[in-house]
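Please look over the following note on charged side chains and backbone angles.

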Amino acid sequence: MRPGTPGFSGARLREAREARGLSVVSLADIAGVSSQAIYQYEKKGGTSPGPEVLSKIAAGTNLPESFFLQSERSQPETTVFYRSLSSATKAARRRANSRLRWVQDLVAYVEEYVALPELNVPTFELPDDPRLISDTDVEHVADELRRYWRLGEGPIANMVLLLENQGIVVARGPLGAEALDGVSTHDGERPFIFIGTDKGTPVRWRFDAAHELGHVLLHHNIAQEHFQHPELHKRIEQQAHRFASSFLLPLAPFGEDLFAANLDVLRSLKPKWKTSIAMMIMQAKYGGYISDDMQRKLWITMSRRKWRTNEPLDDTMEPEIPRLLRRSIELILDEGAQTAADIVNRLRLSHADVESLSGLPEGYLSNHSRVSLIGSKESNVVYPHAWRYRNW
């Protein structure tokens, strides 16, 4: 009988495989075993791989072997919201869910050393059936949130920074699927939002952040099974869209800016409101500022100008980059509470994963490790909640 690996977790193997977007067949080829063997490894109470096979699995998933020796996650599953097209596969959603869980792990680790901003998000009492949530309800939530956060009626300067300052964790990066724009969840303590960058533009990613915020506020008490019904899921997505449009582009001040209904005017408003021209057209129609006929003419003109796929200014506007996790990791390293090696060892992820999830530059942790070896200060002292990063 081949020796197994004590402490091996089949659930962690499946998590790693899904996070990397690997099928059972693909992972079996990488590990040099049969597909049936992978199924057995992932099965609760099943067999475990020997040292040589585990080494191949770790190399093929770019994860340390210690990742697979962690105990199975015990926390209850929370509702996960996916901003996706119907073409997004289950595999793509599982991959996104795994990435989101790793962000949660990263935050749990960071909070041992850094006091993150406290959550400052109001709770709105809404029906637990999405069919009973009206457009008026959605717009009310958007208006009330602006008042609660004292934003006024003007443009929001930086949507991602706003969320982070209110205690919402935001990460961004590729999700491995162009049909998946974002994913979010709530762990009972704070919301987590992951913005997919496989496609899109700065204004689209900004909208994605507002869309996921809509899920957090509107759908926190909606049962996961509602998302399995296509019609209900479509309605839930429409409500998050409606929230994002109302929150980013309040009708009254936008209407005051819209002195003429033509594309050149909308183009001139784009840098101010930081929303797409397409969204402004839809909001103008929704607010009654343009007729059905005028909306149709604007769509036709956009197509003629080839703006439906590439709008003006998309290549000049800067994306909004999360700062919270990046600066937290930098603070932990700069204060000497942990080394780069400590961080990856504790999280049991690769350097690249930690850098990507926290928004650090590629190679940052590897370079920091080399600098530490040359002569930075050494410390094993732990300072729980010793630092608060002000003005994230």
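Predicted model: local features only at pLDDT ≥ 70, side-chain atom pairs only at ≥ 80, totals over all residues.

1. Although K274 is not a glycine, its phi is positive, at about 55 degrees.

2. R150 also has a positive phi, about 55 degrees, and is not a glycine. Its place is the loop between helix 6 (135-148) and helix 7 (159-165). With 77% relative accessibility, R150 counts as exposed.

3. There are 25 salt bridges in the structure. One of them joins the side chains of R20 and D353, at 2.6 Å from N to O. R20 is in the loop between helix 1 (10-19) and helix 2 (24-31), while D353 is in helix 16 (residues 351-358), so this pair ties together parts 333 residues apart in sequence.

4. D353 also forms a salt bridge with R99, at 3.1 Å from N to O. R99 belongs to helix 5 (residues 90-110) and D353 to helix 16, so the parts tied together are 254 residues apart in sequence. R99 is buried, at 6% relative accessible area, and D353 counts as buried at 5%.

5. The salt bridge between E52 and K56 spans 3.9 Å, N to O. The two residues are four apart in helix 4 (residues 51-61), which means a separation of about one helical turn. E52 is exposed at 58%, whereas K56 is partly exposed at 35%.

6. A network of salt bridges links R12, E15, R73 and D105.

Conventions. Residues numbered from 1 in each chain as written. Heavy atoms only, no water. Buried < 20%, exposed > 50% of the residue type's maximum accessible area, 1.4 Å probe, protein only. Salt bridge = Lys/Arg side-chain N within 4 Å of Asp/Glu carboxyl O.
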